[in-house]
Amino acid sequence: MLLIECPFCGPRAEVEFRCSGEGHIARPETPENISDEAWADYVYMRTNPKGLHFERWMHQHGCRRWFCVARDTVTHKIRAIYKLGEAKPALDEPKTEGEGA
Amino acid sequence: MPRPRYSIFSLARNALAYHQNWTEAWRSPAPKPHYKVIIVGAGGHGLSTAYYLAKEHGITDVAVLDKGWLGGGNVARNTTIVRSDYLFGESIALYDKSLSMWHDLSRELNFNTMFSPRGIVKLIHNRDGQREAERRFNALRLAGVDSEMLTPLQVKRLAPMVDISPGAAHPVLGATLQRRGGIARHDAVAWGYARAADALGVDMIQHCEVTGFRIEGGRVKGVETVQGFIGADAVALVPAGHVGVLAAKAGFRLPIESVTMQAMVSEPVKPCLDTVVMSPIPFSLSQSDKGEFVFGMSTEPYNSYSQRGTLPHIEEISANAVSVLPGLSRLRMLRKWGGVLDVSRDVSPIMGRTPVEGMYVNCGWGTGGFKSIPGSGWAFSHMIAQDRPHDLMLPFGLDRFAAGALIDEHAASGSFEAFK
Ligand SMILES: Cc1cc2nc3c(=O)[nH]c(=O)nc-3n(C[C@H](O)[C@H](O)[C@H](O)COP(=O)(O)OP(=O)(O)OC[C@H]3O[C@@H](n4cnc5c(N)ncnc54)[C@H](O)[C@@H]3O)c2cc1C
Ligand SMILES: [Zn+2]
């Protein structure tokens, strides 16, 4: 089980949290002016990387506030935790190629 | 390449020779410099696609590449529930074609897939579930596919271990039953298709990870692999959980996220359950021919390529199962494992063209793609051979996301989270 450092409450067990998938996805400013493909890209398409992933999490059974997590999708190691609205931290890609099956 | 047929006589003959003379089930050739069709992923879907390409369309200049060993992915890690009781007409047609094919698969492949149509009992625990079940039951009957509604007493008769007392934590209000559904031997499906495709001339290339693509003028020319470049007229991506990694290498994204799903298996016990029991609370289970209870779970809560699940999930699923089948409470578990699943945004498969010409994709089967292995390969081979989607897969193209024509099977896929 992961130990996750809520930026507001401190370290808590994974089961208190909810992961809501990829972060840093900006809603198009003028949806009425973009193509269906561009809209579908925003709503449905995901990067789904093997390795470093920038995500949004919520402390569901705690303060219920949202924050960002940079996590490795192979080892589950948490690389950084930061607040909503902050820029992606600069982290190097882990070497995961060829790991797992 | 004629292969000796498996039969009671070949079994007897080989038994007398102390099983020293069995021939290999498929060759392990070095890759040729060029193939008409390269299939990436030797799981169930990749292998069945190869088999039907050769058998139905006469295309035998085909290689199936896998980064690991053949049948080492989800096809060997799943709980083998085979059924077609989905909600929407598009899904019912595709899954039921597949279910019909299961009933004749062992004979078709000359390989015992141990398909056991023992019926799928899907429990109902509350009013919402009752409505979902009735709607699905009606949709299936309208489509001419078998489905029955059961009362709690009928559930008890089929699966005596289920607690139907009104005071239960999850009272059983009834169930749906699909009698033609059942379970099969996972490995046998992969091996059977591989052996049958090999006999028709298809090359199985194991330990050959695809690391990139050669794309010229928007058209795929071949694949880069750890064993070097291999040219191809057409490339079919069937890598299940790793489809996002390969799509990124070909320069496009998919409406898919990769997550782990776990299963676990108990010590063997005397036969006491001869049907599959699924519940939306959730859990699913069946008893294998060896007597082990096989437990299916729901997906893990975050993106993962780890093939390892978390312990809290095991605790939750075990508690769920024990609350409905209290007799399981002292069962000891032997093993647990995980597989990396490709879960699409509407939990329906994505089959068809990609933005790269000559490259096709068959993915997004997520939690429920074992059952669809025969039908999926059958329809997808048609697409590759004729460059035109088969009617059965037409609604499942990648273009449905921009068109808004989603096929949302969250409820019928087994629970309200993605599951089975
Ligand atoms: C725990 C669990 C329980 C399940 N239970 C059920 C169930 O009860 N019923 C049901 O219908 N479905 C079930 N499923 C889902 C089902 O197993 C999958 O949907 C299905 O097996 C996926 O298709 P496949 O067999 O082709 O995939 P896989 O067997 O995973 O094949 C994909 C192959 O692609 C290879 N590959 C990946 N990347 C590359 C690369 N770069 N180069 C070369 N090769 C590559 C992999 O090594 C792998 O062998 C379950 C899954 C899991 C994990
Ligand atoms: Zn908090």
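Helices (H or I, at least four residues) and strands (E, at least two) are DSSP runs, numbered from the N terminus. With that in hand, here's a quick tour. This is a predicted model, where local features need pLDDT of at least 70, side-chain atom pairs count only at pLDDT 80 or more, and totals for chains, interfaces and linings use all residues. Residues are numbered from 1 along each chain as its sequence is written, chains are lettered from A and ligands numbered from 1 in the order in which they are written, and side-chain values use heavy atoms, with hydrogens and water left out.

**Chain A: the overall layout**

- Chain A has one helix and six strands, and along the sequence they run β-β-β-α-β-β-β.
- Its C-alpha atoms fill a box of roughly 45 × 40 × 25 Å, taken along the principal axes.
- A:Asn48 sits in the loop between helix H1 (36-43) and E4 of chain A.
- What is the phi of A:Asn48? A:Asn48 has a positive phi of about 50 degrees, although it is not a glycine. For context, most residues other than glycine have a negative phi.

**Chain A: its sheet**

- Four strands of chain A make an open sheet in the order E3-E4-E5-E6, with antiparallel pairing; two strands pair if DSSP finds at least two bridges between them.
- Strand E3 (18-22) and strand E6 (78-82) of chain A are the edge strands, each pairing on one side only.
- Neighbouring strands of this sheet are turned by 30 degrees against each other on average, direction ignored. The axes behind that angle are lines fitted to C-alpha atoms (for helices over the stretch in contact), and angles run from 0 to 180 degrees between N-to-C directions.
- E3(A) pairs with strand E4 (residues 52-58) of chain A in the antiparallel sense, over three bridges.
- A:Arg18 stands opposite A:Met58 in E4(A).

**Chain B: its sheet**

- Chain B has an open sheet of eight strands, in the order E5-E6-E4-E13-E14-E15-E12-E16, with mixed pairing.
- Strand E5 (148-150) and E16 of chain B are at the edges with a single partner strand each, so one side of each has no neighbour in the sheet.
- From one strand to the next, the twist averages 25 degrees.
- Strand E14 (residues 283-287) and strand E15 (residues 292-303) of chain B pair in the antiparallel sense over four bridges, and B:Gln287 stands opposite B:Phe293 in E15(B).
- B:Ile281 and B:Pro282 are joined by a cis peptide bond, with omega about -5 degrees. B:Pro282 lies in the loop between strand E13 (276-279) and E14 of chain B.

- A backbone N or O atom of B:Lys371 lies 2.8 Å from an oxygen atom of ligand 1.

Terms used:
Polar contact = N/O pair within 3.5 Å; in protein donor to acceptor, adjacent residues only side chain to side chain.
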